[in-house]
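User: I'm new to this structure and would like to learn how to read a few of its features. Could you walk me through them?
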Amino acid sequence: MKPLQELVRPNIWALSPYSSARDEYSGHDAHVFLDANENPYNGPLNRYPDPLQRELKALISKNKEVPESHIFLGNGSDEAIDLVYRCFTRPGIDNVVAIEPTYGMYRVCADINDVEYRPVLLDNHFQMSAAKMLEACDRYTKVIWICSPNNPSGNLIDPDEVEMVIEGFEGIVVVDEAYSDFAPGKPFRTKLRHYPNLIVLNTMSKAWGCAAIRLGMAFASAEIIGLFNKVKYPYNVNALTQERALEMMQSPYEVEKWVKLLLQERIRVMESFSILPICQKVYPTDANFFLARMTDAPAIYDYLMREGIIVRNRSRVTLCDNCLRVTIGTKTENSQLLAALRKY
């Protein structure tokens, strides 16, 4: 890895962050707050939230087995994705490399930040070649994006290939593990101490069933987390989100139960899909969704919409011609989907 200062945008490295009122008294036992121009009435909603989410990070640290100083919390994973561009890439100069197909926000954030986006095609099994990823890089490549389990394909990217990219690249490698709770094997966040150039993303939106509260996580070295905290908006995670996340983090066994149920249903739904006359192929998955190649995906998608059932038509995505992406729902929801498709 290059020295971090060489990877960070010069203006970000030199940035003096905004100092919030709640940062300044940190470590003191305060009980009268006359510093932040808040209304003294309507507690507790009248007070600004902890800008660094310390109590929540302490619980996440235990659950995810990552030190608190290596955790960033944001408004969904998308905030962390955008911060990677804002911290490490210079608009109009630098570029990033990503697997293709994959989660669309990596490209959207590249376009917003005026950064060249270089997609590298996966093979027909939706697997990555580390050699091809590294070949796509040049001296202006600052970041490599790898989603595993990948979206929309659902499969884990070969961890040996991922490690080859991390070890062979001098810049930042981001491994997005939004769906790792549904997948076998150890997540890459457990390997942070070996790779100072690694950033791992996670979320409360999937296995934890909290998409509505918009809480994303990034795990990385304390130095990279420090950069994120310097650039983020002062109170980026609101008090209601922090409160709900704290409640959920105290119920990990409930989440484990949900995951087990979803994995059982995933087997049933995929097996049922595979024998449908209108389904040509069901792709292996390690997530809470799967990809299926259909005889006429757009027409089937429109039919399901008329039946009040929404899936995702991925036909316009690279390597996903005539494919639907199906999320695993409750047993009742899944049965309604299968019943509708049997009548098509």
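Analyst: Happy to. Let's begin with the naming: helices and strands are DSSP runs, numbered from the N terminus, with H or I runs of at least four residues for helices and E runs of at least two for strands. Keep in mind too that this is a predicted model.

User: Then where does Arg214 sit?

Analyst: Look in the loop between strand E6 (198–203) and strand E7 (215–219). The backbone there is worth a glance: Arg214 isn't a glycine, yet its phi is positive, near 55 degrees.

User: Is Arg214 buried, exposed or partly exposed?

Analyst: Buried means under 20% relative accessible area and exposed means over 50%, with partly exposed in between. Arg214 has 33% relative accessibility, so it counts as partly exposed.

User: Which loop holds Asn42, and what is its phi?

Analyst: Asn42 belongs to the loop between H3 and H4. It is not a glycine, but its phi is positive, about 70 degrees. With a relative accessibility of 60%, Asn42 counts as exposed.

User: Now for peptide bonds. What kind joins Gly43 and Pro44?

Analyst: A cis one, with omega about 0 degrees. Pro44 lies in the loop between helix H3 (21–24) and helix H4 (54–64). Glu100 and Pro101 are also joined by a cis peptide bond, and omega is about 5 degrees there. You'll find Pro101 in the loop between strand E2 (95–100) and helix H6 (105–112).

User: How are two packed helices described?

Analyst: By the angle between their axes and the distance between the axes. On the H12 side, the contact is made by Ile300, Tyr303 and Leu304, and on the H13 side by Leu337, Ala340 and Leu341.

User: What is the handedness of the crossing of H12 and H13?

Analyst: H12 and H13 cross in a right-handed way.

User: One last residue. How far from Arg266 is the nearest side chain of opposite charge?

Analyst: That side chain is Asp286, and it is 5.5 Å away. A salt bridge needs a side-chain nitrogen of Lys or Arg within 4 Å of a carboxyl oxygen of Asp or Glu. Arg266 has no salt bridge, although it is buried. To find Arg266, go to helix H11 (residues 252–274). Leaving out residues up to four places away in sequence, Arg266 touches Phe182, Thr285, Asp286, Ala287 and Ile328.

Note on methods: Residues numbered from 1 in each chain as written. Predicted model: local features only at pLDDT ≥ 70, side-chain atom pairs only at ≥ 80, totals over all residues. Heavy atoms only, no water. Buried < 20%, exposed > 50% of the residue type's maximum accessible area, 1.4 Å probe, protein only. Lys, Arg positive; Asp, Glu negative; His and termini not counted. Contact = heavy atoms within 4.5 Å. Left-handed = near helix turned anticlockwise from the far one by under 90°.
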